[in-house]
Amino acid sequence: VNGDTTWRQRLWEEFGRQGVPLRLVGPLSGPNGRGHAAYFANARFAAADHHHAVPGARLDTLGPGVDKVVAKDKPDVLHVMLGANDLRRGASPARAEALMRTYLSNALRARPRLKVLVSPVLPSLTYPGGQPRDFDVPEANARFATLVRKLSSSGYDAHWVDPAAADFSPRDHTYDGVHLDPTGERLFAHRVAAALHADGVLPGEPVLPTDPTPWVTQARAGVTTSPGTAVLSWATWDRRLTTDRMLLQVVGPTPSDVRRVTGGYQATSKELKLAPGSYTVTLEPVRKWMVGTPGPATAFTVP
């Protein structure tokens, strides 16, 4: 979503760091996949990003049209990481297997020599409780793996691959039990880069940071003042940064005069009654479990 770095951008940056040209491909662009205004953490990436990642993607909606996508774009490799949303919407593992079979059959009918990589559904948690939501995932993954083996034994170039599940923790690597936070983005990018290094595509071994990766947004408040009042606003960030709310730290005329204020859920401004004097305000964006680092301070004076 808007304001994310995305694991694709982190992979793109690793290729740039190692001086290896990279062209991302796919029929879609932008963080939401619909070609709308793209506000990535690194704005330069917006022009480079192409993919086939669809918000809310499900096998039952993508399967009927994947043959047209494959026929049009003629990919050499199709990496499929689907099924989670089908299971969450009530599909049984057997139903998910049938949907995956249809999806793969349609793709291979359009391009029989296509190399297909199928990845497991990753574990997830409920938000905000953090309870495991994966009772049906192991069976679905076992069925998917068996399906891939059958395709392979039938002569298709089909492979069961695991990009990150061995290290993946939905509590440590997502902001809501499902979607990647910056630490999870780095994990996914590292695992893909490491595989490409092992294959000789990247000359150097990618480095995975050992510490959690902060969410850096540079969100900064706008301020309007009147006697005894300040209106702190982050409306200009509303479309560029997907948040639930803002934490505001207001520092007053004396070092001990510090207030921490929470902006309302999906609000874009906060009015405060303040004594006359000089202040600064910093913003910390919040999205589910994830809290961003403080952005640049804005100085203002209340008359």
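Which side chains does a polar contact of 3.5 Å join, with His 51 on one side? The partner of His 51 is Arg 8. A polar contact here is a pair of N or O atoms within 3.5 Å; within protein, one must be able to donate a hydrogen and the other to accept it, and residues adjacent in sequence count only if both atoms are side-chain atoms.

Some ground rules. This is a predicted model, where local features need pLDDT of at least 70, side-chain atom pairs count only at pLDDT 80 or more, and totals for chains, interfaces and linings use all residues. Residues are numbered from 1 along each chain as its sequence is written, and side-chain values use heavy atoms, with hydrogens and water left out.

Back to His 51. His 51 sits in the loop between H1 and H2. Helices (H or I, at least four residues) and strands (E, at least two) are DSSP runs, numbered from the N terminus. His 51 counts as buried because its relative accessibility is 5%. Buried means under 20% relative accessible area, exposed over 50%, partly exposed in between, with a 1.4 Å probe and protein chains only.

Now the overall picture. The protein chain has eight helices and eleven strands. Its C-alpha trace spans about 80 × 45 × 35 Å along the principal axes. Of its 303 residues, 43% count as buried. Take the contacts between residues at least 6 apart in sequence: 66% of them join residues at least 24 apart. Contact means heavy atoms within 4.5 Å.

Next, the cores. A nonpolar core is a set of buried Ala, Val, Leu, Ile, Met, Phe, Trp, Tyr and Cys residues joined through side-chain atoms within 4.5 Å. The largest one has 27 residues. Val 80, Met 100, Tyr 103 and Leu 104 have the most contacts inside it. At least two residues of this core come from each of helix H2 (59-62), helix H3 (66-73), strand E1 (77-80), helix H5 (93-110), strand E2 (115-118) and helix H6 (137-153). H5 gives the most, with seven residues.

Look at Leu 104. Not counting residues up to four places away in sequence, Leu 104 touches Val 80, Val 116, Val 118, Leu 147 and Leu 151. There is also a second, separate core of 21 residues, which includes Ala 219, Leu 241, Val 261 and Leu 272.

Stay with H5 for a moment. H5 has 18 residues and reaches 26 Å from first C-alpha to last, close to the 26 Å expected at 1.5 Å a residue. The expected span is 1.5 Å times one less than the number of residues. Its buried residues include Pro 93, Glu 97 and Asn 106. Their cover includes H2, H3, E1, helix H4 (84-88), E2 and H6.

On to helix H8, residues 182-198. H8 has 17 residues and reaches 24 Å, close to the expected 24 Å. At its start, a side-chain oxygen of Asp 181 comes within 3.1 Å of the backbone nitrogen of Thr 183. Among the buried residues of H8 are Thr 183, Glu 185, Phe 188 and His 190. What covers the buried residues includes helix H1 (7-17), helix H7 (170-173) and E10. Just after H8, Gly 200 takes a positive phi of about 85°.

Now the rings. How many aromatic pairs does a search of the whole structure find? Four. Rings of Phe, Tyr and Trp (its six-membered ring) pair if their centres lie within 6.5 Å; planes under 30 degrees apart count as stacked, over 60 as edge-to-face and the rest as tilted. Phe 168 and Phe 188 have ring centres 6.1 Å apart and planes at 80°, so this pair is edge-to-face. Phe 168 lies in the loop between strand E3 (158-160) and H7, and Phe 188 in helix H8, so the pair ties together parts 20 residues apart in sequence. Both Phe 168 and Phe 188 are buried.

Tyr 279 and Phe 300 make a stacked pair, 5.5 Å centre to centre with 15° between the planes. Tyr 279 is in strand E9 (residues 277-287) and Phe 300 in strand E11, 21 residues apart.

Last stop, Gly 292. Gly 292 lies in the loop between strand E10 (290-291) and strand E11 (298-302). Is Gly 292 buried or exposed? Buried, because its relative accessibility is 4%. Gly 292 and Trp 215 are 77 residues apart in sequence, yet 4.6 Å apart in space, C-alpha to C-alpha.
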